Amino acid sequence: MANYVPVYPSLNHGNPDRLWSLYGYGDHQTYAPFESSRNEFDDRYSPQHDAEGQSQHEWKQEPVLCPQTPVDSLYEIHEPPPKDNTLLERLLYWKWEIGACFLILIAIFAILATLYPHEGRPQPNWPYLISVNSLLSVYGAVLKAALAYIVGSGISQLQWRWYARERPLFDLVRYDSAGRGPLGSLRWLWANHLRQPLTAFGAILTIVAIAIDPFIQQLVLYDGCSIPQDDGLAALPRTNYFENTGVHIGAGDASVTPELQAAVNSGVFSAGQPVNFSCSTGNCTFPDTFATVGYCSRCRDVSDIVQFNQRCYQSYQNRSTPVPCSSSDEGAGGQNLTALIPGGISVNTTALGGQPDVAAMGFTESGEIQFLINKANFSDTGYTIGGQNKTVLGCNDPELNNTWPCRGWGAASCTLEPCVRVYQSSINAGVLSETVLEDSVGTGWGGTGQRKPVMGLVDTKCITPQERDGLIKDGYKIDPSTRWLGYNTTTEVTLTMPAEAPFPTSLSTHNCLYNLDYLTNAALFRNYLVEFFTGTISGQWAEGGCCAGFDGPQDLLSFFNFSDVDFKDVDKRFGNVADSLTKFVRENGNPNRSVYATGQVLRYETCLNVQWSWIAMPVSLATLTLVFFILTIITTERHHLPIWKSNPLAFVFHGPGSAGLLSTGKLCAEQDQTVILNTTQGMESVSKGIVIKLDDVDGETRLTEVTGHSESQKVSVFLI
């Protein structure tokens, strides 16, 4: 059987200095080698021993332990050779930590490489049901593990700097716990605070690293999105030429078709109908703007220029006699109040009972459509024409007291005219959304010298340089500040022209010329709109004044809305009429001049949105960890600390009671070795030849050395 020798300092032959002499603390720095010859005891444990002995104790690994002999026969303990390790050699002691640093960089790069290509796109369809979140979890785990390894190794290394001064032995436990995880780091901070700033820095990093996982998961947010689809149709109607005349009713005159009349009525009574469109998925986008012939409206509030004329009179024997309204007989007969828009329409309201006129609409000689509401009450009664309490309406508010209901009257002057509209459109969930970016209002249309009169406008942003030169040559002045140019059309507007037709036909082939049939537009205004937007609204007198109800044409009553109308309502109504007319024009343009506006079909998907701000924490933590690692290396080199980190052999070979191993352990190797016990490699090399066991010695549980025997070889041990 092998001999067991307990590993503790009392076996140093009664010499207390022998324990520390190997480390330069005793009276002697070195021991002279002593070699012993083989004896009978050695032969018993030699490799040539019988099978029974070999079965009881066989050492197959190199190096092996020999039977107990004086330590001097195995070790030469002397000063190390005069050779300093280079910085590169010392950095090799940190090879695993440096590898972890690269692993951190790889994890961060992998996160970026995974998220950036898929931002704003549908979730990738990877095999084996792998998702972006699962990859982020893997990256987060790798990043967290690498951070923990670097910081834990650094904290363990910093304990040797801590013990440069006298410290409690229990601090070894604190440092060991701090290098293992957040709880130990928290305990270290609680006990030592910032007495070792770099260690405290590492402990804080360990604690903060807990939050890496939720921060990485917050990077990804899933939301609905639309992505382009290669197949499908996205189209919106538009036209460059519109003609829709009714039957001939006279020289240069025609009736208005029922369809065009219905378009006007729809704008007044059922506004908001979108144009017919094609979108196979219900989600389409039209990146390019497009223009079309249509109608536009403009309104301005002219309430401030309304003039009032009040007259009072008395009636006697069917005769009316004018009297001053301020006389004592005021009100004995009646009153008459006339409201007038200078150069426009007027409303004459009389207080004789019955049904006085309270509002009117009509055309002016310049073609404007005016709407006027008169005062129905001859004194401020605190009520509107429709009988609403002004206080309840909020007329005491300065922002509201100038509205038509609070004032008691109002007037608007509007225009409705043909124009070219420029649209930006999109279709989402089957709902069309269109915005008018600009129009040609304010630019006069050109005429024509053809037998069939047409009106013309040219889009100067659309024409080619050759067409621009042609227009200038024909005498047109192109204003850079104005997009539209009135053009006298001289070419056929209803036929399909060759794509490479010369100027001026090329204006039509490039869709830069917009035309409107003159007779269609003239008949619309002369034979329908003039009558449609002309009339008066009368009120029904009731006890206490006007008005209990209102009578008049339905279209005017729609504008009047029982007196609950303001300028913005009138403006919106005319805008609705213009939109409805434009819708009809776009859907019924000349087939040869009506190229559809095409767009991109989209399909709905669940897309990955990246919240990049959440990556700031993992990146910052990784950066601070690298800084901590660099500072740890600098501290180690600056104070010439051994690079032991958390290696437990450091306590065995260099702690109190460690000399017992060297005094009893026998290392047998196939060749002579040189061992530097102040390095991790040296300690590990020697430890491979020492076998220990947890045993009961004299009633105490201790780690004891198991001694064996092999051919003795000499090992040089340097204790630095």
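The questions and answers below concern a predicted model, and they turn to helix packing, aromatic rings and strand pairing.

Me: How are helix α5 and helix α6 directed relative to one another, given their packing angle of about 155°?

Reply: Helix α5 covers residues 95-115 and helix α6 covers residues 132-162, and their axes lie 9 Å apart where the two pack. Angles over 145 degrees count as roughly antiparallel, and the angle here is about 155°. The crossing of the two helices is left-handed, and the angle therefore makes α5, relative to α6, roughly antiparallel.

Me: What kind of aromatic pair do the rings of Trp162 and Trp188 form?

Reply: The count of aromatic pairs in the model comes to 20. For Trp162 and Trp188 the ring centres are 6.2 Å apart and the planes stand at 65°; since planes over 60 degrees apart count as edge-to-face, the pair is edge-to-face.

Me: How many residues apart in sequence are the parts that the pair of Trp162 and Trp188 ties together?

Reply: Trp162 belongs to helix α6, whereas Trp188 belongs to helix α8, which spans residues 182-192.

Me: In the open sheet of three strands, which residue of β10 is the bridge partner of Ala235?

Reply: The order of this sheet is β10-β6-β26, with antiparallel pairing, and its edge strands, each pairing on one side only, are β10 (278-279) and β26 (597-598). Strand β6, made up of residues 234-236, is joined to β10 by two bridges. Within β10, the bridge partner of Ala235 is Ser278.

Me: In the open sheet of four strands, which residue of β22 stands opposite Asp459?

Reply: Here the strands follow the order β7-β23-β21-β22 and the pairing is mixed, while β7 (241-242) and β22 (484-486) are the edge strands, each of which pairs on one side only. Strand β21, residues 454-459, pairs with β22 in the antiparallel sense over three bridges. The residue of β22 that stands opposite Asp459 is Trp484.

Notes
Residues are numbered from 1 along each chain as its sequence is written. This is a predicted model: local features need pLDDT of at least 70, side-chain atom pairs count only at pLDDT 80 or more; totals for chains, interfaces and linings use all residues. Side-chain values use heavy atoms; hydrogens and water are left out. Two strands pair if DSSP finds at least two bridges between them. Axes are lines fitted to C-alpha atoms, for helices over the stretch in contact, and angles run from 0 to 180 degrees between N-to-C directions. Angles under 35 degrees count as roughly parallel, over 145 as roughly antiparallel, 65 to 115 as roughly perpendicular and the rest as oblique. A crossing is left-handed if the near helix is turned anticlockwise from the far one by less than a right angle, and right-handed if clockwise. Rings of Phe, Tyr and Trp (its six-membered ring) pair if their centres lie within 6.5 Å; planes under 30 degrees apart count as stacked, over 60 as edge-to-face and the rest as tilted.
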